[in-house]
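Here are my notes on this one, jotted down as I went through it. Have the model open while you read.

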Amino acid sequence: MRDLHTSLREELLNALVERRFEILGAKSIEGFVPPPFLPNDGFGDQEKKQPDIFAFDPANERFVIGLVKTGMHDLETQAALTEYDVFFDHAHPNGKRSLVYFMMPASQVADFTAMITHYIHRDYWNNMVIVSSKQ
């Protein structure tokens, strides 16, 4: 049986494909290359961060970053907070900020929403989509 993280990653991949995004990379999913590590411009541990899924939205000409959170102690860790900073800071060369999709179990959505809307500046809220798992 697959673990929860893998299962959520596959569900997120399917959701992004349904939205007609071009998948450029997906972590540990057969048939896809791994996503690139994205530059870190001075956040947290200073290390580059790799999303679970990296895609492109051709209709809006911007990148789409997919990140899976299980809610099992991975919502507010220092590593997670650094990922949020790096991913919300990321932009296409045309200047359009990346759209960040979060996939998580339905039971974690309220806690995550409360945390993330307090953590990131409201200017980034339009660049975020929280997807509740159907599992």
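1. Let's start with Ile116: at 0% relative accessibility, Ile116 counts as buried (buried is under 20% relative accessible area, exposed over 50%, partly exposed in between, with a 1.4 Å probe and protein chains only). Ile116 sits in helix H3; helices are DSSP runs of H or I with at least four residues, strands are E runs of at least two, and both are numbered from the N terminus.

2. Before going further, a caveat: this is a predicted model, where local features need pLDDT of at least 70 and side-chain atom pairs count only at pLDDT 80 or more, while totals for chains, interfaces and linings use all residues. Residues are numbered from 1 along each chain as its sequence is written, and side-chain values use heavy atoms, with hydrogens and water left out.

3. What does Ile116 touch, leaving aside its neighbours within four places in sequence? Tyr84, Phe88, Met128 and Ile130 are its contacts, contact meaning heavy atoms within 4.5 Å. Glu76 is 40 residues from Ile116 in sequence, with 8.9 Å between their C-alpha atoms.

4. On to the helix pair. H2 (residues 78–89) packs against H3 (residues 109–119) at about 60 degrees, the axes being 12 Å apart. Axes here are lines fitted to C-alpha atoms, for helices over the stretch in contact, and angles run from 0 to 180 degrees between N-to-C directions. H2 and H3 are therefore oblique to each other: under 35 degrees would be roughly parallel, over 145 roughly antiparallel, 65 to 115 roughly perpendicular, and the rest is oblique.

5. Who makes that contact? H2 brings Leu81, Tyr84, Asp85 and Phe88, and H3 brings Phe112, Met115, Ile116 and Tyr119. By type, that is seven nonpolar residues, no polar ones and one charged (Ala, Val, Leu, Ile, Met, Phe, Trp, Tyr, Cys and Pro are nonpolar; Asp, Glu, Lys and Arg are charged; the others, Gly among them, are polar).

6. The largest nonpolar core has 22 residues, and Tyr84, Phe87, Phe88, Phe102, Phe112 and Ile116 touch the most other members. Such a core is a set of buried Ala, Val, Leu, Ile, Met, Phe, Trp, Tyr and Cys residues joined through side-chain atoms within 4.5 Å. H2 gives the most to this core, with six residues. A second, separate core of 16 residues includes Phe21, Ile53, Val64 and Leu99.

7. Last, have a look at Glu83, also in H2. Glu83 counts as buried, at 16% relative accessibility. Beyond four places in sequence, Glu83 touches Lys49, Leu67 and Lys69.
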